[in-house]
Amino acid sequence: MSKNNIESRKAYVADVVEHVKNASSIVLVDYRGINVEQDTKMRKALREAGVTYRVVKNSALSRAFAETGNTGYDDVFVGPTAVAFGGAQDPIAPCRVLTEYAEKTKMEVKCGIVEGKKFDAAGVKALASIPEKPVLLSQLLGLLTSPMRSLAVAISEVAKKKGA
């Protein structure tokens, strides 16, 4: 093996390590069963959600996970593997997009890591059902203002009855 080839492999693994370190979430998938058209649409949806998606060699992923202290994933690094790295803005975005496409195709979600916690395929699917942050905030705001709104309506009705 040439020295140049070894250096390029080290650089490749170092790049994967950086992605693993900087990601707030990681979802691993077996991308078999997705055609080119579906893959193109999925990659576009992932880009729009701020997610980096790459097909990565299992050996490089294994080394990157070991270097970053993520252990117990060796059983996942079998077969073709693609990985989605989510950012801090919406750590659930890779789960949401990849679960949607896995349901439409034969692609299979292997597992995920969100905020340092490991999730199996079912866990990733459960995370995908969580609404986006703006939706959650509006739902929370609605819950917080609902009692005040009800009180204001009740006081208004009492005032109307006394005035009548």
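Me: Which residue stands opposite Phe119 in S5?
Reply: Gly112 does. This is a predicted model, by the way. The two strands involved, S4 and S5, pair in the antiparallel sense over 4 bridges.

Me: What makes S4 and S5 count as paired?
Reply: Pairing asks for at least two bridges between two strands. S4 and S5 have 4 bridges, so they qualify under that rule.

Me: What do S4 and S5 form together, and which residue in the turn has a positive phi?
Reply: They make a hairpin, with 2 residues between the strands. Glu115 sits in that turn, and its phi is positive, at about 55 degrees.

Me: In what order do the strands of the sheet come?
Reply: The order is S2-S3-S1-S4-S5, in an open sheet of 5 strands with antiparallel pairing. Strands S2 (52-55) and S5 (117-120) have a single partner strand each, so one side of each is left without a neighbour in the sheet. From one strand to the next, the twist averages 15 degrees.

Me: How many bridges join S2 to S3, and what stands opposite Tyr53?
Reply: S2 and S3 (residues 82-86) run antiparallel and are joined by 4 bridges. Opposite Tyr53 you will find Ala84 in S3.

Me: How many bridges link S1 and S4?
Reply: There are 6, again in the antiparallel sense. Looking at one of the pairs, Ile26 has Ile113 in S4 as its bridge partner.

Me: Why is S4 called largely enclosed?
Reply: A residue is buried when its relative accessible area is under 20%. In S4, 6 of the 7 residues are buried, so the strand is largely enclosed by the rest of the structure.

Me: How do you know whether the length of H4 (residues 93-104) agrees with its residue count?
Reply: At 1.5 Å a residue, its 12 residues should span 16 Å. The end C-alpha atoms of H4 are 17 Å apart, which agrees.

Me: Where does helix H1 lie?
Reply: Helix H1 (residues 3-22) lies across S1 (25-30), S2 and S3, and it runs at about 145 degrees to S2.

Me: Is Lys57 buried or exposed, and what tells you?
Reply: Exposed means over 50% relative accessible area. Lys57 has 54%, so it is exposed. You can find Lys57 in the loop between S2 and helix H3 (58-67). Lys57 and Glu7 are 50 residues apart in sequence, with their C-alpha atoms 16 Å apart in space.

Me: What share of the chain is buried?
Reply: Of the 164 residues, 35% are buried. The chain exposes about 10200 Å², and carbon and sulfur atoms supply 57% of that area.

Conventions. Residues numbered from 1 in each chain as written. Predicted model: local features only at pLDDT ≥ 70, side-chain atom pairs only at ≥ 80, totals over all residues. Heavy atoms only, no water. Axes fitted to C-alpha atoms, helices over the stretch in contact; angles between N-to-C directions. Contact = heavy atoms within 4.5 Å. Expected span 1.5 Å × (residues − 1). Buried < 20%, exposed > 50% of the residue type's maximum accessible area, 1.4 Å probe, protein only. Areas by Shrake-Rupley, 256 points an atom, 1.4 Å probe, with all protein chains shown as cover.
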